[in-house]
Amino acid sequence: MSRPWPDTGTGTGTGWDPVRLADLAQRHGTPVHVLDAGRLDRATAHLLEVLGGLGRPARAYYSVKTNYLPYLMRRLAAHGLGADVVSGYEMEAALAAGFDPAAMVFNGPVKTDGELAAAVRHGVRVNIDGEQEIEALEAVAARTGQPVEVGIRISPGLPVSTSADPSYRAQAERAAARTRFGWPAGSPQLAALVDRIDASPHLALGAVHAHLSSQIVHEDLMLTALDRVLDEAAKLHARFGLTEVNIGGGFGVPGIRRPRTGPEGALAALRGEAPFPEEEPFLDIARLLPELDGRMRLRGLDGVALACEPGRWLVSDVMAMVTRVMSRKELPEARWLILDAGNHVTPWSGTGEVHRLTPIGRRYSAVNSTWSVAGPLCYENDVHAAATELPEDVRAGDLLCLHDTGAYSLGRSNNFIRTRAAVVAVDGDAEQLVWGAETGADVFALADPDPAGPADPAAPSGPDPAPGTP
Ligand SMILES: *Cc1c(COP(=O)(O)O)cnc(C)c1O
């Protein structure tokens, strides 16, 4: 088994060849994402090995929203993974990438009638979250006369992260109890939803779905929360005979530090008292999934498939970004390095989430100093790190590698002030541009559309002018 993370670790070795990264940056420009296909293959192999070792049917639906790069999706589909989609256009992209619709699930808090009809037409399973989805699905199924097996999303109502800061814990508990994703385990509202599905002539309840959060690193809290989902699943299995329990994704990876502080911790940090922990633990799926298998067996859920929806876990360290230091600014109260990669291409910057940053491209001084590192945007929160250690002699023109950019970068990036970055895939010695850098012309491609197509002077189109318009 090649994971968890033989080549990322927590030390200096991150597995990326700095000479090759610098060469790619020279030829493709910066900022640029580099995708290592070998890492994706190894992660997938590890996941499939763990799933294959369970004593029951087991499957993984890749969370498409985590990274919808077609090159990456095609590769995962070819490895036999299924897909988790949360919108109609994601469904289309996943189908185009070759995912088997019979191994796809459609999740999310909003699904339009058109999207639900498309899901039924393709044979994609819908995990119901909103009440109105029941009527819409019943109408589609009644038209075709075919029964449709659906799932429901359940929320355990328990937090899956914790902190030494009690004000953070209080915040996390309240957020978990109030979540709008899914229906609370054990609640009368969930019972009513189940009864409505039961009363729908063409719908059959076949699956229970949950997805608790992202970057979950507290395995015990995750298991305690999932116990509530499994308890509910056991009751529903006795009544309906389930085919699948889907625990969602959220498996935490190394290399990413998230602020786990509430208001009290934030105040302490202002006083300089509470630095973030140096490194966070990560989830070991080779422990988590067999443990869940056992907990399912204890509840009589034998023969029911165990499904999961990894996103970040599969792709986080599969991409890294090469960015250039554009400006070094030493002020009386601060020392800044300003990069060409910012919140437009690394949307977690500005939220307090910190990724590793390593200097590449030349020899650097062995002496480190403390730097504040920002992106290029005219926007206060565009900050990668308030304080981090980098060589004393880093200067404008140098290249840095920003690690673990595979999850929630491409799909969440935007063109606020600067355009989106290219992705170059490497596969052994081969190299391929798999997503082009966005240009200003791309940004404005949707401006001034003519809804009627090419203008026909004989038949003026568009809405009638309002009364009184000259
Ligand atoms: C986002 C999402 C996932 C993937 O989450 P990760 O933290 O990236 O593993 C899985 N399932 C659902 C329903 C999601 O919305």
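# Exercises on a predicted model

A polar side-chain atom of Asp84 sits 3.2 Å from a nitrogen atom of the ligand. The model is predicted. Keep that in mind throughout.

## Exercise 1: the ligand

Find which backbone atoms lie at 2.8 Å from a ligand oxygen, and state how much of the ligand the protein covers.

**Solution.** 
Step 1. Start at Gly250. One of its backbone N or O atoms is 2.8 Å from an oxygen atom of the ligand.
Step 2. Go to Arg312. A polar backbone atom of Arg312 is 2.8 Å from an oxygen atom of the ligand.
Step 3. Turn to the cover. On its own, the ligand has 390 Å² of accessible area, and the protein covers 95% of it.
Step 4. List the neighbours. There are 16 residues around the ligand, and Lys65, Ser214, Glu309, Arg312 and Tyr408 come nearest.
Step 5. Sort the shell by class: two nonpolar, nine polar and five charged residues.

## Exercise 2: Thr323

Is Thr323 buried or exposed, and which side chain does its own side chain touch in a polar contact?

**Solution.** 
Step 1. Locate Thr323 in strand β12 (residues 319–330).
Step 2. Read its relative accessible area: 0%. Thr323 is therefore buried.
Step 3. Find the polar contact. The side chains of Thr323 and Asp340 meet at 2.7 Å.
Step 4. Look beyond four places in sequence. The contacts of Thr323 there include Thr30, Leu339 and Asp398.
Step 5. Follow Thr30. A cis peptide bond joins Thr30 to Pro31, with omega about -5°.

## Exercise 3: positive phi in a loop

What is the phi of Asp404, and what is the phi of Tyr408?

**Solution.** 
Step 1. Take Asp404, in the loop between β18 (399–402) and β19 (422–427). Its phi is positive, about 60°, although Asp404 is not a glycine.
Step 2. Take Tyr408, in the loop between β18 and β19. Tyr408 has a positive phi of about 60°.
Step 3. Check burial. Asp404 is buried at 4% relative accessibility, and Tyr408 is buried at 15%.

Terms used
Residues are numbered from 1 along each chain as its sequence is written. This is a predicted model: local features need pLDDT of at least 70, side-chain atom pairs count only at pLDDT 80 or more; totals for chains, interfaces and linings use all residues. Side-chain values use heavy atoms; hydrogens and water are left out. A residue is near a molecule or strand if one of its heavy atoms lies within 4 Å of it. A polar contact is a pair of N or O atoms within 3.5 Å; within protein, one must be able to donate a hydrogen and the other to accept it, and residues adjacent in sequence count only if both atoms are side-chain atoms. Accessible areas come from the Shrake-Rupley method with a 1.4 Å probe; for residues, only the protein chains shown count as cover. Ala, Val, Leu, Ile, Met, Phe, Trp, Tyr, Cys and Pro count as nonpolar, Asp, Glu, Lys and Arg as charged, and the others, Gly among them, as polar. Helices (H or I, at least four residues) and strands (E, at least two) are DSSP runs, numbered from the N terminus. Buried means under 20% relative accessible area, exposed over 50%, partly exposed in between (1.4 Å probe, protein chains only). Contact means heavy atoms within 4.5 Å.
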